[in-house]
Amino acid sequence: MENELHILLTEEDAEAERVAELTGYLRQELLDLDVDDVTTLPGGEVPPGARAVDVTQIGALLVTLGSSATALNQVVTAIRSWMGRRHDTRPSLHLRMGDDVLEVSEATDDQVAEAFEIFVQRHSPAGAEP
């Protein structure tokens with residue numbers, strides 16, 4: 001659906017618990033925005049002491065944007081801010097809305113800003129402010 005944003009957060013060589021922790025922090029920030037819901041996709045919970053966990057599913061979130069014309073821009077702005085505070089590591093993000101996919105990893109802050117701006121513009125209603 002067009003009003004759903006799938007987010008997949010990964011971090012090279014990270015333990016499952018670390019990815020789950022980062023995803024939880026991002027989810028909490030996104031819940032404070034004008035969105036309908038932010039849910040962890042199946043596989044998102046890490047069983048205590050688990051070792052054989054699919055890390056690619058741990059960092060998966062589904063953001064239901066609702067009807068707000070600015071919700072996607074708010075979400076992308078929050079993600080950029082959250083990424084900017086990750087000084088110790090640089091997580092990779094995979095954003096998907098419908099068939100449109102944006103992957104961000106090992107990019108400069110300016111490259112991330114430009115890629116996010118283009119992504120938001122592609123999904124903004126004609127004439128709406130991004």
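**Exercise 1.** How many salt bridges does the structure hold?

*Solution.* The model is predicted. The structure holds three salt bridges. One of them joins glutamate 11 and arginine 18, with 2.9 Å between the closest N and O atoms. Another joins glutamate 29 and arginine 85, at 2.2 Å from N to O. Arginine 122 and aspartate 100 also form a salt bridge, their closest N and O atoms lying 2.8 Å apart.

**Exercise 2.** Classify glutamate 11 and arginine 18 as buried or partly exposed.

*Solution.* Step 1: buried means under 20% relative accessible area. Step 2: glutamate 11 has 11% relative accessibility, so this residue counts as buried. Step 3: arginine 18 has a relative accessible area of 23% and is therefore partly exposed.

**Exercise 3.** Which strands are joined to E1 by five bridges?

*Solution.* Step 1: five bridges join E1 to E3 (residues 60-64), and the two run antiparallel; here glutamate 4 stands opposite threonine 64. Step 2: five bridges also join E1 to E4 (residues 92-97), again antiparallel, with leucine 8 opposite histidine 94. Step 3: E1 (residues 4-10) is mostly covered, with five of its seven residues buried.

How values were computed: Residues numbered from 1 in each chain as written. Predicted model: local features only at pLDDT ≥ 70, side-chain atom pairs only at ≥ 80, totals over all residues. Heavy atoms only, no water. Buried < 20%, exposed > 50% of the residue type's maximum accessible area, 1.4 Å probe, protein only. Helix = DSSP H or I, 4+ residues; strand = E, 2+ residues; numbered from the N terminus. Pairing = 2+ DSSP bridges. Salt bridge = Lys/Arg side-chain N within 4 Å of Asp/Glu carboxyl O.
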